[in-house]
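Please look through the structure shown here. The paragraphs that follow lead through it step by step.

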Amino acid sequence: MKAYLDIDVFADALLCDIRFKVPYIGELIRDTDCPAVEDYNDFAEALEDIWQQDGALLTYAAVLAAEKPETLHRACELLRNLDNYQRITEDAYGYGQHRLQETLGLDDEAIYELDGYMDFEKYGQDCMENDCVTKTEFGLLRRLDPPFPEQRQGQRMM
């Protein structure tokens, strides 16, 4: 490829058009630094690692929509740190149950026993607010550590 382009190293190449195989991902990365070919290769390798994980691409799209990275390098950092995010697929009721299990270490049987005695939906709404859950076009998103900042109230779930 280098011989075809008449260059010694890929850093000498100018990238004119980048196309992403993954829907939405290319539209969510706004890099103004004009990354090198090697940077895109690193990104492609990191993306390949999550390709077959169920729901991981949607989670990553939600992360990009919420974090709005300015560079490919930052987008790659977010991709490699995807475990720090949780895309929420349930409603407030289910989220309330999930957070109660997570916080108190309860099993499904204990949650079943509490059903009817506890307002899981209200608890879930409160948890979403306290967890600074953010709404994106790809679903609700929670950043685990640290949570999204409070100033995002316009995007937060209430």
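In this predicted model, Phe-148 has a relative accessibility of 2%, and because buried means under 20%, Phe-148 counts as buried. Tyr-85, at 8% relative accessibility, is buried as well.

How many aromatic pairs does a search of the whole structure find? The search gives three. One of them joins the rings of Phe-43 and Tyr-60, whose centres are 6.4 Å apart. The planes of these two rings stand at 45°, so the pair is described as tilted. That label follows because planes under 30 degrees apart count as stacked and those over 60 as edge-to-face, with the rest called tilted. Phe-43 belongs to helix α3, residues 37–50, while Tyr-60 belongs to helix α4, so their pairing ties together parts that are 17 residues apart in sequence. Phe-43 is buried, with a relative accessible area of 2%, and Tyr-60 is buried at 0% relative accessibility. Tyr-85 and Phe-148 also form an aromatic pair, with 6.4 Å from centre to centre and 45° between the planes, and this pair is tilted. It links distant parts of the chain, since Tyr-85 sits in strand β1 and Phe-148 in the segment after β3, 63 residues apart.

Asn-81 is found in the loop between α5 and β1. In sequence, Asn-81 and Tyr-60 are 21 residues apart, and in space their C-alpha atoms are 9.8 Å apart. Is Asn-81 buried, exposed or partly exposed? With a relative accessible area of 41%, Asn-81 is partly exposed.

The next element is helix α6, which runs over residues 92–104. This helix has 13 residues and reaches 18 Å from its first C-alpha to its last, close to the 18 Å expected at 1.5 Å a residue. Which residues of α6 are buried? They are Ala-92, Gly-94, Tyr-95, Gly-96, Gln-97, Arg-99 and Leu-100. The cover over these buried residues includes the strands β1 (85–88) and β3 (139–143), along with α7 (108–114) and α8 (120–130). Strand β1, the strand that holds Tyr-85, is thus part of what covers α6. Just after α6 comes Gly-105, which takes a positive phi of about 70°.

Some details of the backbone remain. Most residues other than glycine have a negative phi, and most peptide bonds are trans. Lys-68 is not a glycine, yet has a positive phi of about 50°. Lys-68 is placed in the loop between α4 (56–67) and α5 (72–80), and at 41% relative accessibility it counts as partly exposed. Cys-132, again not a glycine, has a positive phi of about 55°. Where is Cys-132 placed? Cys-132 lies in the loop between α8 and β2, which covers residues 134–136. Cys-132 is buried, with a relative accessible area of 3%, whereas Lys-68 is partly exposed.

The last detail concerns a peptide bond. The bond from Asp-145 to Pro-146 is cis, with omega near -10°. Pro-146 is in the segment after β3, and Phe-148, the partner of Tyr-85, is also placed in the segment after β3.

Note on methods
Residues are numbered from 1 along each chain as its sequence is written. This is a predicted model: local features need pLDDT of at least 70, side-chain atom pairs count only at pLDDT 80 or more; totals for chains, interfaces and linings use all residues. Side-chain values use heavy atoms; hydrogens and water are left out. Helices (H or I, at least four residues) and strands (E, at least two) are DSSP runs, numbered from the N terminus. The expected span of a helix is 1.5 Å times one less than its number of residues. Buried means under 20% relative accessible area, exposed over 50%, partly exposed in between (1.4 Å probe, protein chains only). Contact means heavy atoms within 4.5 Å. Rings of Phe, Tyr and Trp (its six-membered ring) pair if their centres lie within 6.5 Å; planes under 30 degrees apart count as stacked, over 60 as edge-to-face and the rest as tilted.
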